Amino acid sequence: MADPATGDISIRDRARWNSAARDQYVVEIGHQYVAHHTAMPGPTVSERSGPDSVRVPLTARSPSPVRDRHDIRRDVLHAIGHPGVSPAKFVFHGTAGSGKTVLAKDVFDEVVARGVVGLWVNAATEVAFRAGMLAVALDRGADPGQVEAARVGQRPAADLVWQCLDASAEPWLLVLDNADDPSVFGDGIWLRRSRRGTVLVTTRHGSAPLWQDADRRRLDVLGLDDAVRVLRDLNVSGYDQAALERLANGLGCHPLALTLAGAYLGQRRLDPLTVDEFLQRLRDDPSGTLDEAADPDERDLRRLISSTWQISLDALTDRGVPEATTLMWLLSCYAPDPLPIGLLHAQRLRLTALAHAEPPLPTRKADAALRGLMSQSMVADLEVPGDVGRPAVPSLQAHALLLDTVAARIPLDQREGILASATQLLDHLLHDGEAEGTYLDAQTLRLFTPHALALLRRAAAAHSAAAPKALSLVRYLRDQSRERGDYTSAHLLAESAVRVPSSVSAATEAELLDDRYELACSLADLGRYAESVEMHREVLHTREAQLGPDHVQTLDSAHALGLALYGLGEWAEDEQHLRRAVDGRRRVLGLEHADTIMSTACLAEAIGEQQRWDEAEALARANLATSEAAHGPNSPYTLAARHTLAWALYQLGHLDEAEALASATLTEREHSLGSEHPRTLVVRDLLAGILCGQERWAEAEVAARSVLTPREELLGAEHPHTLAMRTELIRILTGAGDLTAAQPLAVLNLEACIRVLGEEHPDTLACRQAHLDAFGSSPHDDETPRTEHDKDVQR
């Protein structure tokens with residue numbers, strides 16, 4: 001029986017449930033028909049198993065018109081209108097609930113209205129299919145005695161049916177619906193072509209050899225606009241376009257899910273829900289929430305989210321591939337994003353306990369299990385384009401709702417082992433061959449971040465013993481993403497780490513503080529400085545109390561708080577915290593330690609922003625000498641120290657020396673980090689300012705635009721660093737006399753600065769001055785360098 005708390009089906013009752021699912025369509029179409037004509041000599045049979053009608057689709061009426069699918073519908077209708085010329089056999093295939101039967105019925109109704117004979121046979125089981133095809137023969141003029149002989153095996157049934165179809169005086173469309181088990185067609189003897197009509201098959205099994213000579217069309221999810229139209233068709237009213245788009249995206253634009261959700265929201269009377277409330281319920285219980293929308297007496301398991309994919313898994317079990325169920329459970333631990341197939345390499349699968357699951361998934365059968373899932377359209381294979389110079393990545397992908405539903409149905413006695421295996425596979429892949437001090441490449445981070453997040457969510461929700469390990473993977477990817485300059489992903493990972501309750505993560509108080517510290521750093525990276533400052537203050541206060549004022553982590557917090565305050569333009573307080581970090585790191589770590597050098601560079605910037613340029617230049621020059629001696633001329637710490645000195649010299653008007661230092665730093669940054677890493681862009685930003693100060697307008701504009709474009713793409717159009725770079729470009733355009741380009745940019749950027757930073761922020765004041773200069777409201781002083789500066793953030 002189902003577990004009363006979770007709804008999980010026990011292993012003991014799974015076979016009984018599977019049998020009920022397989023019998024579903026026999027119950028539905030196993031009606032009786034009476035022979036009204038004289039039968040051939042032999043035993044009299046008054047009642048024979050068969051459908052009541054083959055002229056009426058044996059499917060529920062769709063509450064919404066067919067949306068999308070326009071090209072497929074057009075092509076099939078054209079073929080039916082030109083029998084003998086166009087393709088005579090079509091196959092609609094796709095995942096469960098993708099609307100294959102709905103589209104087939106729409107085509108059926110259309111051609112019948114045009115005068116074509118429509119014939120509908122349910123091909124879900126061999127018994128139902130044979131009975132339906134013999135009924136087709138009767139409809140097309142077969143003698144009842146011949147049909148009876150075929151039924152009892154006295155003559156070939158398939159030959160009789162196709163003889164009648166080929167001899168039909170009228171053109172016809174034969175729909176073979178729900179043909180998920182191609183074996184019902186008897187190795188193809190039941191599936192033929194005819195010049196008199198067109199065959200249309202709907203199936204989940206898109207790769208069956210029987211379809212090789214057919215025009216195969218895959219049905220997938222709807223586009224967002226069509227998904228919203230479906231919701232409106234179902235009277236989901238009272239919501240604006242944005243709310244309906246959120247709902248459609250939350251459902252993955254899946255046709256069956258949209259239909260059920262639309263019915264759920266459009267028909268509720270006693271307990272109406274908002275879209276956001278419904279989405280929250282959907283996250284908590286995807287299958288149960290959607291199944292509430294089905295009719296109370298719904299018998300068609302394909303109309304229930306809770307069972308629609310289980311039917312496919314049961315079909316694979318019947319075909320001798322029970323391992324597909326365990327593999328699908330494993331895949332459901334990950335995200336609906338493309339999953340590199342290398343994760344399932346045999347060498348990695350052997351490290352897991354999947355061979356001891358129930359059903360077991362031995363390594364030697366994993367490939368067959370995967371092919372089975374693909375055959376049922378539960379999983380699609382695709383090639384994800386690689387980064388420049390990299391090959392494409394063979395990957396798998398499944399629909400989000402399928403994964404959520406399958407994950408919710410993993411039996412309780414199997415869930416722990418599946419989650420542990422999923423975590424072990426991802427951990428091994430990410431750390432395979434890793435050397436000390438190496439970092440994951442951007443492509444690997446991009447591909448695996450969503451799967452680590454999904455795995456942590458699954459493990460935490462299940463209070464699994466795998467949760468601490470899943471959390472360590474998320475932390476690892478968080479740190480790697482930040483180092484690579486992918487601040488958006490780093491923030492998502494940092495947020496997820498903080499959300500895991502300590503009762504699940506088994507994290508110590510120090511680890512929980514580390515997670516909050518990392519989240520605060522990610523907020524600063526995204527330009528959300530006020531939030532970052534608030535969280536850093538809290539972490540600093542707690543670390544002081546628990547660890548002491550000179551603990552290295554306390555000093556880390558002081559340093560990071562200073563950086564966030566810099567972003568707010570609070571340079572005096574920034575200096576205060578950075579002095580504390582410098583003094584403490586010198587005492588605890590030493591003058592030459594990398595952290596000390598970084599804090600010293602940042603302190604010089606805080607001093608300089610307060611117009612104490614000589615002091616800032618002296619501190620930066622001494623710090624550079626220390627770093628070069630201790631770490632060499634090209635270490636990351638030396639590059640940061642050199643960048644700070646170049647900036648101080650720029651502010652003092654020593655443009656030639658500043659340019660030489662900035663150019664050398666830029667060359668090394670491009671070599672080590674790439675041309676679009678945030679720490680590379682910050683050096684090119686400085687170089688654009690130096691070129692502007694030298695009135696080398698064309699070079700300055702090229703440099704500025706080479707920073708502005710990637711910042712807009714990577715950080716966003718209104719990130720403080722993007723706004724500052726746009727201000728610099730306005731200055732350059734104004735200096736070059738290109739007021740046509742400078743003025744509209746100045747208007748838009750000033751509005752954004754005021755909205756994002758506030759009226760009194762130093763970057764807003766700088767942008768206001770650039771705006772005045774562009775419109776000629778004040779004299780422009782080319783000798784005055786800019787004062788805003790994007791801090792070269794490292795810890």
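Me: How many bridges join β5 to strand β6?
Reply: Five, and the two strands run parallel; β6 covers residues 197-203. Strands here are DSSP runs of E with at least two residues, and helices are runs of H or I with at least four, numbered from the N terminus. Two strands pair if DSSP finds at least two bridges between them. In that pairing V175 stands opposite L200 in β6.

Me: Before I go on, what kind of model is it?
Reply: This is a predicted model, where local features need pLDDT of at least 70 and side-chain atom pairs count only at pLDDT 80 or more, while totals for chains, interfaces and linings use all residues. Residues are numbered from 1 along each chain as its sequence is written, and side-chain values use heavy atoms, with hydrogens and water left out.

Me: OK, which strand joins β5 through six bridges?
Reply: That's β4, also parallel to β5. V121 stands opposite L176 in β5 there.

Me: Is β5 (172-177) buried or exposed?
Reply: Six of its six residues are buried, so β5 is largely enclosed by the rest of the structure. Buried means under 20% relative accessible area, exposed over 50%, and partly exposed in between, with a 1.4 Å probe and protein chains only. W172, L174 and L176 point one way, and L173, V175 and D177 the other.

Me: And what does the N122 side chain sit by?
Reply: One of its polar atoms lies 2.9 Å from the backbone nitrogen of A124. N122 belongs to β4 (residues 117-122) and is buried, at 2% relative accessible area.

Me: Which cysteine sulfur is closest to that of C753?
Reply: The one in C767, but at 4.0 Å it is too far for a bond. C753 is buried, with a relative accessible area of 1%. C521 is buried as well, at 3%.

Me: Last topic, helix α25. How far apart are its end C-alpha atoms?
Reply: 25 Å, which agrees with the 26 Å that its 18 residues (571-588) should span at 1.5 Å a residue. The expected span is 1.5 Å times one less than the number of residues.

Me: What covers its buried residues?
Reply: The cover includes α23 (529-547), α24 (552-568), α26 (594-609) and α34 (762-774). Among the buried residues of α25 are W571, H577 and R585. Just after the helix, G590 takes a positive phi of about 105°.

Methods
Disulfide = S-S within 2.5 Å. Polar contact = N/O pair within 3.5 Å; in protein donor to acceptor, adjacent residues only side chain to side chain. Contact = heavy atoms within 4.5 Å.
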